[in-house]
Amino acid sequence: PVEESVTNVYEIPEGTTEISQPFAMRLTNVNKTLKKYANNAIYVDADTLKFPLFARKWIEGDYFCPAGMKGQKKKVSKYFKDEKMSLREKEKTWLLCSGNQIVWIINKRADERFKVTDKTTQIIKIEVL
């Protein structure tokens, strides 16, 4: 039910550097992106984020613009299906949101709209510990 999933929303206020609930995560201002990408970390353009951020589970109708897909929208449910994720995996997956936009399907895929570009002046590294 939608109501149940919406109640598990964790607010991440501006200036937060680390959270421990619902999972351990660190937010760090960095000068540049490292070339090595890992599933547990993303680099985002700080100016594209709207605080507070929110961590929550997905709900029916959620969509994002997967990095590398040139801004094309994709429903989160379709992404899960394409990745052949089990119901259990889907239920355990968290989303990091800025306003009503998904920044990151945590440990899976980042959203194109928040990526670091040549015009980026401030970079935040978001890392699941």
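Which residues have the most contacts inside the largest nonpolar core? Select Leu-96 and Ile-126: they have the most contacts inside this core, which has 20 residues. A nonpolar core here is a set of buried Ala, Val, Leu, Ile, Met, Phe, Trp, Tyr and Cys residues joined through side-chain atoms within 4.5 Å. Buried means under 20% relative accessible area, exposed over 50%, and partly exposed in between (1.4 Å probe, protein chains only).

Before going on, note that this is a predicted model, in which local features need pLDDT of at least 70 and side-chain atom pairs count only at pLDDT 80 or more, while totals for chains, interfaces and linings use all residues. Residues are numbered from 1 along each chain as its sequence is written, and side-chain values use heavy atoms, with hydrogens and water left out.

**Stop 1**

Colour the strands β3, β4, β5 (53-57), β8 (94-98), β9 (101-105) and β11; each supplies at least two residues of the core. Helices (H or I, at least four residues) and strands (E, at least two) are DSSP runs, numbered from the N terminus. β11 gives the most to the core, with three residues.

Now show what surrounds Leu-96. Leaving aside neighbours within four places in sequence, its contacts (heavy atoms within 4.5 Å) are Ile-12, Met-25, Leu-53, Phe-54, Gln-101, Ile-102, Val-103, Trp-104, Ile-106 and Ile-126. A second, separate core has nine residues, including Val-76, Met-85, Leu-95 and Ile-105. In soluble globular proteins, nonpolar side chains tend to be buried together.

**Stop 2: strand β11**

Select residues 123-128. Six of the six residues of β11 are buried. Ile-123, Lys-125 and Glu-127 lie on one side, with Ile-124, Ile-126 and Val-128 on the other, and both faces are covered.

Strand β3 (residues 25-30) runs antiparallel to β11 over six bridges, with Leu-27 opposite Ile-126. Strand β4 (residues 41-45) is also an antiparallel partner of β11, over five bridges; there Asp-45 is bridged to Ile-123.

Glu-127 also belongs to a network of salt bridges that links it with Glu-18 and Arg-26.

**Stop 3: the open sheet**

Next, select β1, β5, β8, β9 and β10. These five strands form an open sheet in the order β1-β5-β8-β9-β10, with antiparallel pairing. β1 (10-12) and β10 (109-110) are the edge strands, each pairing on one side only. Between β9 and β10 there are two bridges; Trp-104 has Ala-110 of β10 as its bridge partner.

**Stop 4: the aromatic cluster**

Show the rings of Trp-58, Phe-64, Tyr-79 and Phe-80, which form one aromatic cluster. Rings of Phe, Tyr and Trp (its six-membered ring) pair if their centres lie within 6.5 Å; planes under 30 degrees apart count as stacked, over 60 as edge-to-face and the rest as tilted. The structure holds five aromatic pairs.

In the pair of Trp-58 and Phe-80, the centres are 5.4 Å apart with 85° between the planes, an edge-to-face arrangement. Trp-58 is in the loop between β5 and β6 (63-64) and Phe-80 is in helix α2 (residues 76-82), so this pair ties together parts 22 residues apart in sequence. Phe-80 is buried, at 0% relative accessibility.

Phe-64 and Tyr-79 have ring centres 5.5 Å apart and planes at 85°, so they too count as edge-to-face. Phe-64 is in strand β6 and Tyr-79 in helix α2, 15 residues apart; Phe-64 and Tyr-79 are buried.

**Stop 5: salt bridges**

How many salt bridges does the structure hold? There are seven, each a side-chain nitrogen of Lys or Arg within 4 Å of a carboxyl oxygen of Asp or Glu.

Select Arg-56 and Asp-62: their salt bridge is 2.9 Å, N to O, and both residues are buried.

Then go to Asp-82, which is partly exposed at 34% relative accessibility. Asp-82 meets Lys-74 at 2.7 Å, N to O, and Lys-78 with closest N and O atoms 3.0 Å apart. Lys-74 is buried, with a relative accessible area of 17%, whereas Lys-78 is partly exposed at 44%. Lys-78 and Asp-82 are both in helix α2, four residues apart, about one turn of the helix.

**Stop 6: the cysteines**

Finally, select Cys-65 and Cys-97. The structure has zero disulfides (pairs of cysteine sulfur atoms within 2.5 Å). For Cys-65 the nearest cysteine sulfur is that of Cys-97, 13 Å away. Cys-65 is buried at 4% relative accessible area, and Cys-97 is buried at 1%.

Note on methods: Two strands pair if DSSP finds at least two bridges between them.
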